[in-house]
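Subject: Structure for your files

Hello,

Here is the structure we talked about passing on.

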Amino acid sequence: MSTGNPSYTNPKPCKHLADYKLRHGLTGYRSLQKLFKTTPNGRTSVEKPNTTMPRCNSCNGFQGRLYFCLICSTVSCSDHTLLHNQSENGHDVAVDMERAELYCCVCCDQVYDPDFDKAVMSKHIMGIPRDKNGDESIGERLVKRRRLGSGVVEEELVDLSKSKQLVSMRDRRAKSCYPLGLRGLTNLGSTCFMNSVLQALLHAPPFRNYFLSDGHNRETCRKRSVDRLCLPCDIDAIFSAVFSGDRAPYSPAQFLYSWWQYSANLANYEQQDAHEFFISVLDGIHEKESKLSNRNRDNGDCLCIAHKVFSGQLRSDVTCMTCGFTSTTDEPCVDISLDLDTNNFSPKNIANKPIKSNENSSISTLLGCLDLFTRQEKLGSDQKLHCRNCQEMRDSVKQMSIKRLPLVLCLHIKRFEHSPVRRMSRKIDRHLHFPFSLDMTPYLSSSIVRNRFGNRIFAFEGDESDISTEFEIFAVVTHSGTLESGHYVTYLRLSDQWYKCDDAWITEVDEGLVRASQCYVMFYVQKMLYHKANEDLSCLPISPRRDTFLPIAGCC
Amino acid sequence: MRKSVNRPPTPDAGENQEKEPSVREIVNIKLIESGEKERLMELLRERLIECGWKDEMKALCRAFVKKKGRNNVTVDDLIHVITPKGRASIPDSIKAELLQRIRTFLVSAAL
């Protein structure tokens, strides 16, 4: 089965539409294009020239739906489409004028034709003046969707079932033996913000693999670089220590010292923000690695491990509400910061089943937050933007979407509200429901742009993404307490078993506990990488000492 | 339809219209010509989405399709079944707002 949304595959045409296509091909659609009228909101309608108000040819009615015959351009209201069809042989297919959608008069039903939708969308895209990044215009290239090699996926799944058996056998023999790479980190003085993020990084599959396979060699680095400060070296040291098999809690003191030197303004024993720390670590890695490789690429194409793993691209579309001109900007990102969705916004779950917004639904969901992030946001009249087409300041609508997904998706929930007006900061404790498996398809630029124009069967540029959209969670950084005195704990998911990493203490926990926790930063990895990582874990040799793991408090 | 007492009888449907247009038609034409109709439609769409009406209609449609079977339903069926329910469940506040807008428009158009 091809990846991608099956609802956009072509439905079968009815007999009458098929007949029409055979006889007339695309000529009818093409001549209709001249009559299409597009609105800035993405709606298309059919307008008869020289008539303000179309009327039914049989009854002169102008109310309700009006249908425009594709063959003779006669307009009929919904009561008289059959009449027209009976009086003229072969005039079966018409177009709903208000919506620019195909209708079969014999079947009395809406019908679909990708060629028709293409004709509609071409007019739309032509109608929107191009912006400077000509190539990046929405849907400019009409590309057919490519099927990803489904054969490969199936093979891997078969192998997984075999390796799963091996793992379960191992578990029975040494039940309390934790997987490799689980090691507590001692708190060096309000450093739980650091420990929590480190635990997540230690188990981000592509990140972990890079360091464990000597991606950053400390010897080589010491020789090449004059600057002794190297965050990747210190991270490599942590990886070596944590995956050594030694289970006693480890003190990442060297790393903390290096990080203090790197981000001098955050160098103190105060509690820091875990998300801020995460960003600064990625920055530190990028800086060092780009110095070494002497390449000054912008973040988007950077080959440093931090960007290779975490970097994606966000798309921002700003549409002028007067003329419909859309300006598109792409910006790289290493994470997505989400506002919590509150009652005012009606959330939908992944099957797009509506949850009644009339009910007092006090459940915030991650999908709701993502919906909120990608919604069309009307910018206030005090936020007018300059429209290149109108050459004036205009009311605009902004919409975010994800142009390219990273290997590891980091989602940050904005729980800390800072109000510069009141000089106060507060924490939002609202519980957020988050899934363990996440399909990012509805938030991709191709999906968002497609929805903006109504449900047209149309392949947009970006559909042929090589990266799959299915993700599995592997780490959750949670926060408890207040803004001033709080505590970070990370939950790790290894081979579908959850572990709580609370500084030096690591314990096996039930998934219920994780769901009930207050998530702050969530780490999702592409599904295939998650399963591969589990496979790798089960194949790694158990530490030679075969220590049964006991939660031991390290010295703090 | 209101008829003036002195008006000649309405000609058969099918003949080209030469009679006096109804108030409804005039208002409609004026709304379309000025572009106000499009603005009102957008406003209406926005309000109906905000209050959850659109989601309710979607749910009704889904329930209907589920009951009849996906291959036994046409768009016409849906329109005939859902339209009365839809019209009946529009919140009064939205009706009032739209009516107010139309009234304001008519006043300004008459000037």
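Where does A:Asp335 lie? A:Asp335 is in the loop between strand S9 (326-333) and strand S10 (336-338) of chain A.

First, the conventions. This is a predicted model, in which local features need pLDDT of at least 70, side-chain atom pairs count only at pLDDT 80 or more, and totals for chains, interfaces and linings use all residues. Residues are numbered from 1 along each chain as its sequence is written, chains are lettered from A and ligands numbered from 1 in the order in which they are written, and side-chain values use heavy atoms, with hydrogens and water left out. Helices (H or I, at least four residues) and strands (E, at least two) are DSSP runs, numbered from the N terminus.

A:Asp335
A:Asp335 is buried yet has no salt bridge. Buried means under 20% relative accessible area, exposed over 50%, and partly exposed in between (1.4 Å probe, protein chains only). A salt bridge is a side-chain nitrogen of Lys or Arg within 4 Å of a carboxyl oxygen of Asp or Glu. The nearest side chain of opposite charge, A:Lys414, is 10 Å away; for charge, Lys and Arg count as positive and Asp and Glu as negative, while His and the chain ends are not counted. Leaving aside neighbours within four places in sequence, A:Asp335 is in contact (heavy atoms within 4.5 Å) with A:His275, A:Phe278, A:Ile279, A:Cys410 and A:His412.

Cores
A nonpolar core is a set of buried Ala, Val, Leu, Ile, Met, Phe, Trp, Tyr and Cys residues joined through side-chain atoms within 4.5 Å. The largest has 56 residues, and A:Phe207, A:Phe255, A:Trp259, A:Phe310 and A:Phe523 touch the most other members. Helix H6 (residues 192-202) of chain A gives the most to this core, with eight residues. A second, separate core of 35 residues includes A:Cys333, A:Leu366, A:Leu370 and A:Leu444. As for H6(A) itself, eleven of its eleven residues are buried.

Sheet
Five strands of chain A form an open sheet in the order S4-S3-S5-S6-S7, with antiparallel pairing; two strands pair if DSSP finds at least two bridges between them. Strand S4 (75-77) and strand S7 (109-110) are the edge strands, each pairing on one side only. Between strand S3 (residues 66-69) and strand S5 (residues 93-96) of chain A there are three bridges, and A:Tyr67 stands opposite A:Asp96 in S5(A).

Regards
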